[in-house]
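Visitor: I should like to learn how to read the features of a structural model. May we take them one at a time?

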Amino acid sequence: MSSFRPGRGHNDSRKSVFYTSEEWELLEASPQDLEESLVQEERKKQIPEGNKGVTGSGFPFDFGRIPYKGKRPLKDMIGSYKNRHSSGDPSAEGTSGSGGASKPASEMQLQVQNQQEELERLKKDLSSQKELVRLLQQTVRSSQYDKYFTSSRLCEGVPQDTLGLLHQKDDQILGLTSQLEKFNLEKESLQQEVRTLKSKVGELSERLGMLMETIQAKDEVIIKLSRQLSECEGSVSSPTTSPGSPTAALASREQLELDRLKDNLQGYKTQNKFLNKEILELSALRRNAERRERDLMAKYSSLEAKLCQIESKYLILLQEMKTPVCSEEQGPARDVIAQLLEDALQVESQEHSEQAFVKPHLVSEYDIYGFRTVPEDDEEEKLVAKVRALDLKTLYLTENQEVSTGVKWENYFASTMNREMMCSPELKNLIRAGIPHEHRSKVWKWCVDLHTRKFKDGTKPGYFQTLLQKALEKQNPASKQIELDLLRTLPNNKHYSCPTSEGIQKLRNVLLAFSWRNPDIGYCQGLNRLVAVALLYLEQEDAFWCLVTIVEVFMPRDYYTKTLLGSQVDQRVFRDLMSEKLPRLHAHFEQYRVDYTLITFNWFLVVFVDSVVSDILFKIWDSFLYEGPKVIFRFALALFKYKEEEILKLQDSMSIFKYLRYFTRTILDARKLISISFGDLNPFPLRQIRNRRTYHLEKVRLELTELEAIREDFLRERDTSPDKGELVSDEEEDT
């Protein structure tokens with residue numbers, strides 16, 4: 001509560017109350033002070049032993065805010081000690097000079113040992129003085145806090161109930177801060193322990209490698225000795241000769257050599273058993289260390305998730321405090337809560353990285369996909385977005401405590417190292433669970449190549465570059481609309497936020513090339529968002545073929561034309577599926593005459609871009625690029641199923657429609673949504689969707705034909721009627 005101190009300016013009051021960017025350090029003594037302290041220590045040694053119990057620090061400490069200085073090397077301290085003795089004791093110098101011999105080595109070692117002991121004692125004094133400074137700082141902050149709340153000026157300006165409420169909330173904030181510091185200390189200790197275990201595992205791995213090399217060498221020796229033994233046994237089994245002959249002497253020597261080799265072989269076998277036993281023990285130690293490391297990482301993730309939950313609750317608490325306190329009247333309480341909100345809404349940046357231990361900022365400005373996590377303008381939306389980002393990180397950390405999908409993907413790629421990826425139930429289940437960020441580019445490219453292989457086989461090499469060159473040389477009618485929509489594509493993504501962003505030119509090239517490939521479509525609003533999402537993981541040419549896959553393979557004709565006929569047909573198909581899969585919710589919408597297709601139309605047109613949070617969006621695209629358009633129907637139904645009970649509680653059309661406009665942004669649990677999409681809802685094949693599309697397409701065309709016939713009859717009747725031909729009003733003409 002540094003802003004409560006009287007006499008402080010406006011700028012000082014805006015600093016955070018939970019941490020400070022200034023650090024208190026201890027000034028080291030100058031070399032002259034060090035030498036004086038050493039002289040005093042020598043004088044104290046001459047005092048009788050009765051006074052040896054009186055000790056004190058010879059370093060004058062200066063407490064202040066100074067930058068960090070390096071510690072004085074031990075070599076300099078020993079050098080100054082030598083100079084002091086050589087200059088202060090001329091008799092010793094004369095003695096050494098006349099004798100021509102240096103001091104004994106034992107005396108010099110004793111002096112060095114004394115200096116080291118003195119240095120250790122001084123280090124302990126320094127640490128105790130630092131701890132004293134920290135305690136004094138806490139006491140000063142506590143006294144200033146009490147001084148503010150006991151001042152008569154605050155009591156006269158703030159009501160007693162508000163003052164009591166502030167006391168209670170400040171106690172909660174102090175408790176949360178202390179708990180945060182405790183978690184940070186525990187986190188640091190766990191990280192240190194993890195580093196120690198990693199170094200120990202590395203040493204064990206090196207030792208295991210050395211043992212394996214030794215065993216390999218021993219095995220080679222054993223094989224060589226075995227061969228020699230077999231050769232010797234063959235020579236011994238030859239016919240016997242007389243004892244006095246040279247052949248008998250040679251046989252005896254070979255027998256002795258054979259016995260020696262047998263002894264060596266037995267020794268090597270014993271040593272081999274011992275080494276094998278050591279290898280087994282080291283392997284068990286390594287497995288235990290890895291298991292302990294995994295447990296520590298899980299505990300660390302759990303603590304970090306708990307910290308995210310605490311900060312999320314803290315933001316909600318600040319929002320609740322702001323409503324009754326921050327009224328139109330100016331006062332210190334309103335300034336305090338406004339300052340707390342401003343500090344809490346700060347995001348992580350490079351300038352504040354050194355303060356992460358004091359108060360970690362767990363939400364960065366952009367996520368891994370480049371989307372802005374917290375908006376810039378609206379304070380209410382900033383607070384909600386910060387809470388949503390913290391909840392997302394809590395879910396992510398909680399999921400990492402279980403079996404990670406990344407391990408399953410690593411095992412899958414290891415199994416397909418020597419062969420190409422192929423469609424299989426295993427791959428389908430992996431993609432439905434979500435592709436890891438580091439493998440998504442590879443899998444997306446494989447999916448696009450799988451669906452566009454028939455198109456690429458019929459085109460010449462460099463097809464995309466040819467289309468792009470044609471589009472740059474000659475403008476087409478779609479070029480103007482493309483330029484207008486470039487900056488409106490994904491303004492909340494850093495890759496498309498300004499004209500100089502790296503993704504704008506890539507987006508322009510892909511859209512222009514596609515407009516030349518499909519002149520009937522040219523450009524339709526919605527294609528830009530599809531390409532923008534594809535470019536986050538694919539190169540320009542691959543993003544071009546990804547757009548070809550969506551428009552020409554997945555979606556029916558007239559889906560992205562000017563009439564959007566295919567999109568309207570899909571909304572009728574979705575209505576049928578809603579009445580079949582979610583009958584209660586469909587009846588609820590029909591009762592209050594809510595046309596939910598006005599919301600879902602955009603979901604289908606751009607495949608949920610800007611409709612759900614980024615983490616869920618890319619998991620939907622993973623399954624969409626592999627399985628096709630039926631995934632859109634599945635996730636659209638799952639979104640309504642996820643919030644079915646909340647929607648059924650709304651009892652008027654206005655509140656229902658208002659809720660439908662933003663409810664998808666409140667869904668954060670991707671695992672639960674995927675479970676609903678592919679588990680809770682009954683499966684329906686793509687053939688069923690195609691049949692319903694055909695049925696509704698014929699129905700829509702019949703309706704259009706009837707409307708065209710009615711229009712022609714009206715025009716014919718108007719032209720043939722002499723008394724009404726000149727009296728047709730503008731409204732009738734429009735009708």
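Visitor: In which helix does His451 lie?

Guide: His451 is part of helix α13 (residues 440-456); helices (H or I, at least four residues) and strands (E, at least two) are DSSP runs, numbered from the N terminus. The model is a predicted one, in which local features need pLDDT of at least 70, side-chain atom pairs count only at pLDDT 80 or more, and totals for chains, interfaces and linings use all residues. Residues are numbered from 1 along each chain as its sequence is written, and side-chain values use heavy atoms, with hydrogens and water left out.

Visitor: Is His451 buried or exposed?

Guide: Buried means under 20% relative accessible area, exposed over 50%, and partly exposed in between (1.4 Å probe, protein chains only). His451 has a relative accessibility of 17% and therefore counts as buried. Contact means heavy atoms within 4.5 Å; not counting residues up to four places away in sequence, His451 touches Thr549, Val553, Phe554, Leu625 and Tyr626.

Visitor: How many helices and strands are there in the protein chain?

Guide: The protein chain holds 28 helices and two strands. Of its 735 residues, 38% are buried. Among contacts with a separation of 6 or more, 76% join residues 24 or more positions apart.

Visitor: How many residues has the largest nonpolar core?

Guide: A nonpolar core is a set of buried Ala, Val, Leu, Ile, Met, Phe, Trp, Tyr and Cys residues joined through side-chain atoms within 4.5 Å. The largest here has 113 residues, and those with the most contacts inside it include Leu527, Tyr560, Phe589 and Trp621. Helix α23 (residues 630-642) gives the most to this core, namely 10 residues. Domain 1 (434-544) and domain 2 (555-716) both contribute residues, so the core lies between them; the domain bounds come from an automatic or database domain assignment. Apart from this core lies another, of nine residues, among them Phe183, Val194, Leu197 and Ile310.

Visitor: With which residues is Phe589 in contact?

Guide: Leaving aside neighbours within four places in sequence, Phe589 is in contact with Met578, Val594, Tyr596, Phe640, Ile647, Ile656 and Leu660.

Visitor: What span should helix α27 have?

Guide: The expected span of a helix is 1.5 Å times one less than its number of residues. Helix α27 (residues 686-720) has 35 residues and should span 51 Å; its end C-alpha atoms are 51 Å apart, which agrees. Ile689, Arg693, His696 and Val700 are buried in α27. The buried residues of α27 pack against α18 (540-554), α19 (565-581) and α23.

Visitor: Which residues does the annotation "coiled-coil region" cover?

Guide: UniProt positions are given in the numbering used here, feature names are shortened, and annotations may be inferred rather than shown by experiment. The unreviewed UniProt entry places "coiled-coil region" at residues 173-207 and 251-306. Over residues 173-207 the model is 100% helix and 0% strand, with end C-alpha atoms 51 Å apart.

Visitor: How many disulfides does the count give?

Guide: A disulfide is a covalent bond between the sulfur atoms of two cysteines. The rule asks for a pair of cysteine sulfur atoms within 2.5 Å, and the count comes to zero. The closest cysteine sulfur to that of Cys546 is in Cys447, 9.4 Å away, too far for a bond. Cys546 counts as buried because its relative accessibility is 1%.

Visitor: Where is Leu650 found?

Guide: Leu650 is in the loop between α24 (644-648) and α25 (653-662). Its relative accessible area is 21%, so Leu650 is partly exposed. The C-alpha atoms of Leu650 and His588 are separated by 9.4 Å, although the two are 62 residues apart along the chain.

Visitor: What phi has Leu564?

Guide: Most residues other than glycine have a negative phi. Leu564, not a glycine, has a positive phi of about 55°, and lies in the loop between α18 and α19. Asp610 also has a positive phi, near 65°, and is placed in the loop between α21 (597-606) and α22 (614-627). At 34% relative accessibility, Asp610 counts as partly exposed.
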